[in-house]
Amino acid sequence: MFSITVRDHIMIAHSFRGEVFGPAQRLHGATFLVDATFRREQLDDDNIVVDIGLATQELGAVVSELNYRNLDSEPDFAGINTSTEFLAKVIADRLAERIAKGALGEGAEGLAGLTVTLHESHVAWASYERAL
């Protein structure tokens with residue numbers, strides 16, 4: 001399996017409900033490095049997984065919808081604990097929607113999967129992997 005990864009970042013504010021979250025139940029900020037890894041079995045006719053420029057552009061567009069937002073105030077996330085794991089899935093699903101609409105060009109038709117990883121720090125991260 002071949003893969004390429006592109007990176008961006010987001011800065012958000014949010015809070016959690018539930019004792020398991022301890023002090024994170026209070027409103028706090030988080031900065032995440034966001035990696036999107038695109039996978040395919042065979043390289044396309046240009047011997048690439050996907051156009052890195054387009055992949056970077058589309059990841060940027062998806063994360064810009066979340067950047068500098070208080071997720072507690074966003075209607076899409078009402079009543080939801082926006083954990084790192086949950087946000088990785090949100091970003092992956094939004095990227096997948098863009099891919100399905102042709103945002104990465106014809107070469108993306110052969111993509112098999114996508115993994116989004118959010119790095120909370122140098123020692124902790126979470127990922128969501130999905131088929132395309």
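**Fold, core and local geometry of the predicted chain**

The accessible surface of the chain comes to about 7,300 Å², and 50% of that area belongs to carbon and sulfur atoms. Accessible areas come from the Shrake-Rupley method with a 1.4 Å probe; for residues, only the protein chains shown count as cover. The model is predicted: local features need pLDDT of at least 70, side-chain atom pairs count only at pLDDT 80 or more, and totals for chains, interfaces and linings use all residues. Residues are numbered from 1 along each chain as its sequence is written, and side-chain values use heavy atoms, with hydrogens and water left out.

Overall dimensions were computed next. The C-alpha atoms fill a box of roughly 50 × 30 × 20 Å along the principal axes. Of the 132 residues, 40% count as buried. Buried means under 20% relative accessible area, exposed over 50%, and partly exposed in between (1.4 Å probe, protein chains only). Among contacts with a separation of 6 or more, 70% are between residues 24 or more positions apart. A contact means heavy atoms within 4.5 Å.

The secondary structure consists of two helices and five strands. Helices (H or I, at least four residues) and strands (E, at least two) are DSSP runs, numbered from the N terminus. Along the sequence, the pattern is β-β-α-β-α-β-β. The five strands form an open sheet with mixed pairing, in the order β3-β1-β2-β4-β5. The edge strands are β3 (69–70) and β5 (125–131), each pairing on one side only. Two strands pair if DSSP finds at least two bridges between them.

Strand β2 takes part in two antiparallel pairings. With β1, the pairing runs over 13 bridges. Ala13 has Gly29 of β2 as its bridge partner. Ile12 stands opposite Ala30 in β2. With β4, the antiparallel pairing of β2 covers seven bridges. There, Leu33 stands opposite His119 of β4.

In soluble globular proteins, nonpolar side chains tend to be buried together. The largest nonpolar core of this chain has 31 residues. Such a core is a set of buried Ala, Val, Leu, Ile, Met, Phe, Trp, Tyr and Cys residues joined through side-chain atoms within 4.5 Å. Val34, Phe38, Val50, Ile91, Leu95 and Val116 have the most contacts inside the largest core. At least two residues of this core come from each of β1 (2–14), β2 (28–40), α1 (52–64), α2 (84–100) and β4. Helix α2 supplies the largest share, seven residues.

Val34 illustrates the contacts of a core residue. Leaving aside neighbours within four places in sequence, Val34 is in contact with Val6, Arg7, Asp8, His9, Ile10, Leu59, Val63, Ile91, Val116, Thr117 and Leu118. Two of these partners, Ile91 and Val116, are also listed among the core residues with the most contacts.

His119 lies in strand β4 (residues 113–119). His119 counts as buried because its relative accessibility is 17%. Its side chain makes a polar contact of 2.8 Å with the side chain of Asp35. A polar contact is a pair of N or O atoms within 3.5 Å; within protein, one must be able to donate a hydrogen and the other to accept it, and residues adjacent in sequence count only if both atoms are side-chain atoms. Not counting residues up to four places away in sequence, His119 touches Arg7, Thr31, Phe32, Leu33, Asp35, Ala124 and Trp125.

Several loop positions were also examined. Asn47 lies in the loop between β2 and α1. Its phi is near 65 degrees, a positive value in a residue other than glycine. Asn47 has a relative accessible area of 58% and is therefore exposed. Tyr68 is located in the loop between α1 and β3. Tyr68 also is not a glycine, and its phi is positive at about 60 degrees. At 64% relative accessibility, Tyr68 counts as exposed.

Gly110 belongs to the loop between α2 and β4. With a relative accessible area of 37%, Gly110 is partly exposed. The C-alpha atoms of Gly110 and Gln42 are separated by 7.8 Å, although the two residues are 68 residues apart along the chain.
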